[in-house]
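Reader: I have a model on screen and some labels to check. Can we go through them one at a time?

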Amino acid sequence: MTIRFGLVGAIALATTSLLTLGPAMAQDEVTITIWSLDDANQPALNLAREFDEQEPGIKVEYREIQFDDVVSEAMRAFATGQAPDIIAVDNPEHALFAARGAFLDITDKIANSDVIDPANYFPGPLNSVTWDGKLYGVPKATNTIALYYNKDLYAKAGITEPPKTWDELVEVSRKLNDPANNVYGLAFSAKANEEGTFQFLPWAQMGGGGYDNINAPGAVKALEIWKTILDEKLASPDTLTRGQWDSTGTFNSGNAAQVISGPWELNRMLEEAKFDWGVALLPTETEGGTRSSAMGDFNWAIFASTQHPDEAFKALEYFASQDDRLFPEFGQLPARSDVALPETGVALKDAALKVFLEQLQYAQARGPHPEWPKISKAIQDAIQQALTGQASPQAALDQAAATIDGILGQ
Amino acid sequence: MNQIWTQRLLLLVALLLAALYLFPLYWMYVTSLKTGSEIFATPPGLTPANPQWGVFGYVWELRGMGRFLWNSVVIAFGTMMLTAILGTGCAYVLARYRNFWIDVALFLVLMLQVLPASLMITPIFVGFAQLGLLNYPQLAVVLAITAKAMPFFVVLVRASFMSVPTELEEAALVDGNSRAGAFWSIVLPLARNGILVSAILIFMQAFGEFVYSKSMIPAVELQPASVGLNAFMGPNTTEWNNIMAYATIYVTPILAAFVILQRRIVSGLTSGALK
Amino acid sequence: MNRLLSSLRDGKGFDIVLVTVPLLFLIALSGLPLIYNVVMSFQEVDMFSLGTFARPWVGFKNYIAVFSAPETWPIMRNTAVFVVCSIAGQFLLGFGLALFFTQKFPGASYIRGLFLASWVMPGLVVGAIWNWILAGDFGVLNYVLKSIGIISENIFWRSDTNWSLWAVIIANIWLGTAFNMILLAVGLAGIPRDLYEAAELDGANGWQRFWTITLPMMRATIGAVISLGLIFTLQQFDLFAAITSGGPANSSNVAQYWAWEQSFRQYDFAKGSTISVVMIAVVMIASVIYVRSTRHEVRG
């Protein structure tokens, strides 16, 4: 008896909750679904709600997805006809969808738009939404990485200015390293996921390499420097398994004197760091050598399967029109050169912003290539093998280069 | 006299072992009560210096845990019921006969569960999408978890049926009962404890299920607490005290129920009422 | 019609219905997905063709690719180490505890209840807690080991290639011990007491009684516990995701995590399916062993 009641109850419950979810739809009201990883403190969720309110004819359903799940969830949904109308996707993975026609070609819509003008965007981010000369999305924001340093610990170690070259970075880290007080000289991330690639590629590029030339002599030297840093325990061995956010956490708590990370850390650092800190450009291979940096953050795209391309594009236009709020309200950098970033009045933040904006000029996109995850994996494998001593940096990068050549040659 | 000391010694050893074993759990509770900076302190403090009792109410409100927990209960209850209905009969038949086909069935039941949910989710998702089941996300999750939980239930309940002597069932048949009648009025009541207890265990497993729910329930309003916890954890988190507080609220009721019920659980699983 | 009905109520039909309905359910919800995996392992799969079976066939190409990948054998070895050590650890600890708690002392059953805690914990929570305990620089395990003098320097459980697999094994043993203990306790409770009394009269000591009564009587239970343990261990995924992500440099990668990584990180679904099919083949062998072990079960 109970058994039957329970089952019926469960089914009834599932059905009723489903009904309450989709309230009686007003006539002509169009529903668009948006998937993004932003939570209540980040732009997408807030902008989506605003758009929902100001457009009486459009209802917005927003779903927050975890960073790690974006692509797999999106693929599965697209393959089974359950895709959302709009998605925010990490820029190196944009081409994966665009190249297969999963994203809507919005070149013409953008050409007719009063709000979105490709000329206003930085070339790197714009490049990442472009495939085969056509536009398949709009950059959502952008970011890059630079070197944060703890000024108090610098003063204690008698260091006056941040390192300019790789060798100086190692030298400075040795001076700052203080195991007795649980302080590492440096923190960064060599994790076996996209974050490791994101952190290593700038070094390879400064050394004259790139993802298509990963075993260039300068790139090998970069990996050797990384290995020195880990072998001498100038950075925590957990660098191998820790992401950038957690690594920066150790900097904020005073357990690392420097950290390589991005502007997304600024707000938290202001809150947590109980010391004076600054930001410097990434050290180059030699004094005055080639600069480079990573280009991060997400892009907006519309799925080709959408039933409401016009409404979806309208949403993108609204998001782009609010780009000037990204930094003051959410601490994110708009991917555009025409948006002035006003002083926030917080000295540390304004100084940091200047450095990041300069660093951004050297930022290079990863790819675009539809097989980016495999290219990235080859680079991560090389990093991990070299740093754990399973292969020399040269051998590891040679192998990665061979793998990547195979992928690019297809 | 000697015996009393042996008992005390055993009790002491038991307490020590339990303390050692439960340390991870203790660590969860302690971490939830610590302040943010205390969590990263070296050396780590074994007790919170300044317990933050308010954290539980704060997290409950902040994450809207009431709804999440209710969804977990709904999913777990549905799974338990469906598993019990489908699994009990299966276990009975598998316990009653010994022949090649029973071996095949038992083999199938086990074999079908080899892959972790994380690998089963894609085909299940594709299939459910085609059947339209994804429009009823909680039901879809219940079906998927039931398939996952079934072998465990069948193996446990089969053992309970094995301990019901065949003679009793045969006697009932001689008395004029039908097979169904004998099953319903003789065999089932005798194996009742085992079934009940195994069902409770299934409930508890389903209560913590995560992979299927995450992929098949996009609407926050219908998600169970595990998905809520995952969303809270994210890769960019430092709120470990709040996360552990969430985990504490999530698992404590079920832990309490388990500790209280455990005597019945063990005796239920043996269910050798006739031994 | 009537015959059919009465057979359903009172004959073979009754058994057949009872067993076929759940089996059909299982075949639909577990069997078809497995077949889907097997089919994919012989095809060229593209992320956008997930919803269909109509994909180009490639024969054994995926298998050749998997078995010629340099990481395959280390990962298979890790899987074997993980499975064997996890099961052995869980079983020995679980059996030890189950035997210990058959002793009569006040509070025995309540304290035994406490041990079951690990079992009802959601995998996600267990992963988070162990991740926390095993952290290298500020983890409490290192702190404890250092204070009692077992180690002199922090062990980087998650990042040291010598330890990473063991970090997951430790957490998994913790997780599975309770399950082993309770099922073995159930088995122990099922052994008739008079057997022991008779043996005691014959002058058998505790050790002899264990080998001549306990173990043989527990044969079926042990078989069930170990096969269920095998399945649970092979399904273990949350702990890898939470603690090491299979790294560094694949040093803690195992087949089930690797398969997932290929499918959902590299989007190489064919390779992911191929790895899982290899896993299924291995488990089929294990299941045969289980089913054979049930032949020795005693009824009543």
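Author: Start with the domains. Their bounds come from an automatic or database domain assignment. For chain A, that assignment gives domain 1 as 27-142 + 296-339 and domain 2 as 146-209 + 216-294. Bear in mind that this is a predicted model.

Reader: What distance separates the centres of domain 1 and domain 2 of chain A?

Author: The centres are 32 Å apart, taken over C-alpha atoms.

Reader: Why is Ser245(C) called buried?

Author: The cut-off is 20 or more other C-beta atoms within 10 Å. Ser245(C) has 21 C-beta neighbours inside 10 Å, so it counts as buried.

Reader: Where is Ser245(C) found, and what is its phi?

Author: Ser245(C) sits in the loop between α13 (238-243) and α14 (255-264) of chain C. Its phi is positive, about 50°, although Ser245(C) is not a glycine.

Reader: What makes Ala249(C) buried or exposed?

Author: Again, count C-beta atoms. Buried needs 20 or more within 10 Å, while exposed means 12 or fewer. Ala249(C) has 26 others within 10 Å, and therefore it is buried. Ala249(C) is placed in the loop between α13 and α14 of chain C. Its phi is positive too, about 50°, and Ala249(C) is not a glycine.

Reader: Back to chain A. Which form, cis or trans, does the peptide bond from Gly367(A) to Pro368(A) take?

Author: That bond is cis, with omega near -5°.

Reader: And where is Pro368(A) placed?

Author: Pro368(A) lies in the loop between β12 (363-364) and α16 (372-387) of chain A.

Note on methods
Residues numbered from 1 in each chain as written. Chains lettered and ligands numbered in written order. Predicted model: local features only at pLDDT ≥ 70, side-chain atom pairs only at ≥ 80, totals over all residues. Helix = DSSP H or I, 4+ residues; strand = E, 2+ residues; numbered from the N terminus.
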